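Visitor: Hi, could you walk me through this one? I'd like to start with some helix packing.
Guide: Happy to, here it is.

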Amino acid sequence: MALRNKISEILDSYDKSKIAIATLCSHSSLQIFYGARREGFRTIGLAVNQKTKFYDAFPLAKPDEFIRFESYDEILERADELVDRNIIIIPHGSFVEYMGTEKFEKLPVPTFGNRAVLQWESDREKQREWLVSAGVEMPKKISDAKEIDRPVLVKYHGAKGGRGFFIAKDYPDFKLGIDESQPYTIQEYVLGTRYYLHYFYSPIKKDGYRVAEGSLELLSMDRRDESNIDEMYKLGAQEELKKLGLYPTFVVTGNVPVVIRESLLPKIFDMGERVINRSIELFGGMIGPFCLETIVTDKLEFKVFEISSRIVAGTNPFISGSPYSDLIEPELSTGRRISREIKIARDRGLLHKIVS
Ligand code: AMP
């Protein structure tokens with residue numbers, strides 16, 4: 001039976017008064033569990049060889065139950081146990097990354113959002129096709145390394161947290177840094193300030209900022225702390241540091257809350273709207289939280305260098321709300337917003353619209 005039909009059957013069989021919210025014990029799980037509890041759901045932590053004692057330090061975010069696994073394959077093998085508990089899974093960046101897109105796509109447990117997005121998000125070329133055809137500006141792509149005529153960022157496919165990325169300013173620089181055994185893309189290095197925009201698209205909400213059949217919200221924004229590039233300037237010019245064998249890296253270590261010039265908000269909503277409308281045409285639509293990772297230049301233009309189509313860890317500073325979500329409803333984090341959507345859909349008999 002096709003997975004879509006199977007999920008739909010499972011959902012029909014669920015006792016709707018006993019739905020439990022589950023996610024992997026990592027990334028944004030504290031926020032997801034706390035938000036789910038505030039919306040009245042039972043919570044379940046999935047731990048794959050993970051230490052869970054730290055939840056004892058945060059009683060309001062500690063899940064009601066842990067289910068422990070030795071491997072990600074075991075989650076697939078024991079999917080029936082999750083279904084028996086009326087679980088809806090909330091995907092987050094680490095969950096999909098550690099389990100692997102292919103396995104996650106096959107997981108026979110109802111999952112918040114549209115799984116079809118994974119195919120478009122996990123491949124950088126398809127991401128570019130989606131975003132550019134939506135009319136969103138991206139950093140220029142350089143197809144042939146010999147044509148590098150300005151600073152570029154070389155990105156390895158699927159690199160975790162920017163690991164291994166490097167900056168090159170010409171072809172010899174590129175040759176010096178490249179590991180040819182891995183697939184990579186070369187992108188113009190955009191000079192500007194970074195804003196990671198946290199949106200939420202609800203196909204069932206019928207007021208607010210209307211997009212397609214639903215409503216688009218802006219819940220918060222952050223900037224990532226990246227080691228070591230963020231602190232490198234303290235040691236001097238990068239060219240000099242290279243001579244000492246010190247190269248910039250982009251490994252995410254944390255998140256800082258930010259707000260943006262208010263005059264840029266119309267553009268932010270326009271970009272979100274375009275990306276949603278195009279997702280509907282391409283694969284039936286992205287649902288729930290997503291993040292556009294952007295750089296704003298000194299001409300006040302946005303360049304979007306990546307999209308994440310689920311809750312990002314940059315929402316973690318906003319467990320008790322943000323300067324944006326406070327204007328929708330006080331204390332509305334992205335984690336809580338997800339559970340709110342599930343609650344509303346459950347009460348109106350619309351779960352099949354937001355779960356796949
Ligand atoms: P990504 O894996 O695409 O999220 O990129 C990791 C980090 O590299 C980002 O958080 C940015 O700091 C930086 N970055 C990515 N693309 C660009 C770009 N085109 N220009 C400048 N910095 C970038």
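Visitor: At what angle do α2 and α13 pack?
Guide: Helix α2 (residues 29–38) packs against helix α13 (residues 334–348) at about 45°, and their axes are 7 Å apart. Because of that angle, α2 is oblique to α13. Angles under 35 degrees count as roughly parallel, over 145 as roughly antiparallel, 65 to 115 as roughly perpendicular and the rest as oblique. Axes are lines fitted to C-alpha atoms, for helices over the stretch in contact, with angles from 0 to 180 degrees between N-to-C directions. Helices are DSSP runs (H or I, at least four residues) and strands are too (E, at least two), numbered from the N terminus.

Visitor: Which residues make the contact?
Guide: Q31, I32, G35, A36 and R38 come from α2, and T334, G335, R336 and S339 from α13; contact means heavy atoms within 4.5 Å. By class, the contact of α2 with α13 has two nonpolar, five polar and two charged residues. Here Ala, Val, Leu, Ile, Met, Phe, Trp, Tyr, Cys and Pro count as nonpolar, Asp, Glu, Lys and Arg as charged, and the others, Gly among them, as polar.

Visitor: Is this predicted or experimental, and how is it numbered?
Guide: This is a predicted model, where local features need pLDDT of at least 70 and side-chain atom pairs count only at pLDDT 80 or more, while totals for chains, interfaces and linings use all residues. Residues are numbered from 1 along each chain as its sequence is written, and side-chain values use heavy atoms, leaving out hydrogens and water.

Visitor: What about α8 and α12, at what angle do they pack?
Guide: Helix α8 (residues 124–133) and helix α12 (residues 265–283) pack at about 120°, with axes 9 Å apart. That angle is why α8 is oblique to α12.

Visitor: And which residues meet there?
Guide: W130, L131 and S133 of α8 meet V275, R278, S279, L282 and F283 of α12. That contact has five nonpolar, two polar and one charged residues.

Visitor: Switching to the ligand, how many residues surround it?
Guide: There are 18, and the closest are K155, Q187, Y196, E226 and E306. To be counted, a residue needs a heavy atom within 4 Å.

Visitor: Which polar atom of Y196 is involved, side-chain or backbone?
Guide: A polar side-chain atom of Y196 lies 2.5 Å from a ligand oxygen atom. A ligand nitrogen atom is 2.9 Å from a side-chain N or O atom of Q187.

Visitor: Where does H27 lie?
Guide: H27 is in the loop between β1 (20–24) and α2. Its phi is positive, about 70°, although H27 is not a glycine.

Technical notes: Polar contact = N/O pair within 3.5 Å; in protein donor to acceptor, adjacent residues only side chain to side chain.
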